[in-house]
Amino acid sequence: MSTTPPIHAALVLGSDSFRLLVGTVEDGALRPLDSFHAPLRLAAALDAQGCLSPEAMDSAFDCLRTIRARLSDHALAAVRVVATSTLRMARNSHLFLPAAQQLLGHPVHVLTGEQEAVLTYLGVADGTAHESAAHESDTRTLVLGIGGGSTQLALGTGRHVQKVASLGLGTSRLALTFFSGGRIDAVSFAAAIASTRAKLGDETPAFGPGRRDRACGASGTIHTLARLLADNDLAGPITRARLESLAARALGQGGGGAPLAGLGHLRLRDVTAALAILLGLMEELEIEELEVPKTGLRAGVLAELRHGRAALAA
């Protein structure tokens, strides 16, 4: 007698966006059933005192009402809601989180940077384990995640995480520091890359070329850069040369030149900051080519639910 596999939902309240993934497992692989993405940019809504503005919180609450309605469309066995960097840092998160939990009907777990790195790694490991036999269980994999408020690194083999790091380095922070007031030029861009490399500091040897066999980029920011590369006739694996070409076009737009193709609702300063962070990481860690798997933090949260891992333990 066959049984219907359970349906799980993972909701990430991120610094740049809220992202929902609903899925089940069939033949050992995750099958997505529903997804939702709302670009709220909470990190950019922090004021000088480190508080979320009332307007930002109201927009987030409206989004959570939409998400709760979406969750009700599925017969869910379990739901996990996690929050990342901005809700770790916001001085008034104690006001936001209880209201968010009440609107959703589920607790919100605020991840540490290290927990976020672990779950992102597990999402990649779970996904690539089923996508290709080329990545054996002893392949040392480095996973990078760039968000609006922080950057995570995780190194491991198979589903075993060996080393993680969380850096106070995000696109919103970097954009405000180096590209505020519409200043997007080569000098500011070079300074942003140098700042990124400096932030890695003592972490560099633990994640360098001798420690890994492959490198993956698993975050919405990196997926966006991969799409922009393709939209601007730079399709292919993410390399420093391709990123530098895209950056040259972004700087050209900043100086009054032709706009990037595919920019849409994205802000040029945020894209330029993301390029600076990724280039800085790839230069400092000597990454020649970055894979971009489809899975990441949300899939890792679902993996934690399925496998009962203690990644969210305090």
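Which residue stands opposite Val81 in E5? Val108 does.

The model is predicted; local features need pLDDT of at least 70, side-chain atom pairs count only at pLDDT 80 or more, and totals for chains, interfaces and linings use all residues. Residues are numbered from 1 along each chain as its sequence is written, and side-chain values use heavy atoms, with hydrogens and water left out.

**View 1. The sheet of 5 strands is open, with the order E3-E2-E1-E4-E5.** Its pairing is mixed; two strands pair if DSSP finds at least two bridges between them. Strands (E, at least two residues) and helices (H or I, at least four) are DSSP runs, numbered from the N terminus. Strand E3 (29-38) and strand E5 (108-110) are the edge strands, each pairing on one side only. From one strand to the next the twist averages 20 degrees. Strand E4 (residues 78-83) pairs with E5 in the parallel sense over 3 bridges.

**View 2. A sheet of 4 strands, also open, runs in the order E8-E7-E6-E9.** The pairing here is mixed. Strand E8 (160-167) and strand E9 (214-217) each have a single partner strand, so one side of each lacks a neighbour in the sheet. Direction ignored, neighbouring strands are turned by 15 degrees against each other on average.

**View 3. Strand E6 (residues 140-146) and E9 run parallel, joined by 4 bridges.** In E9, Cys216 stands opposite Val143, and Gly217 stands opposite Leu144. H10 packs on the sheet, touching E6 and strand E7 (151-157); contact means heavy atoms within 4.5 Å. The direction of H10 makes about 155 degrees with that of E6. Angles run from 0 to 180 degrees between N-to-C directions, and axes are lines fitted to C-alpha atoms, for helices over the stretch in contact.

**View 4. E9 is covered on both faces.** In a regular strand the side chains alternate between the two faces of the sheet. Arg214 and Cys216 lie on one side of E9, Ala215 and Gly217 on the other, and all are buried (under 20% relative accessible area, 1.4 Å probe, protein chains only).

**View 5. Helix H8 (residues 220-231) packs against helix H10 (residues 268-284).** The angle is about 100 degrees and the axes are 10 Å apart. That makes H8 roughly perpendicular to H10 (65 to 115 degrees). Thr221, Ile222, Leu225 and Leu228 in H8 meet Val271, Ala274, Leu275 and Leu278 in H10. Of the contact residues, 7 are nonpolar, 1 is polar and none is charged.

Terms used. Parallel < 35°, antiparallel > 145°, perpendicular 65-115°, else oblique. Nonpolar A, V, L, I, M, F, W, Y, C, P; charged D, E, K, R; others polar. Buried < 20%, exposed > 50% of the residue type's maximum accessible area, 1.4 Å probe, protein only.
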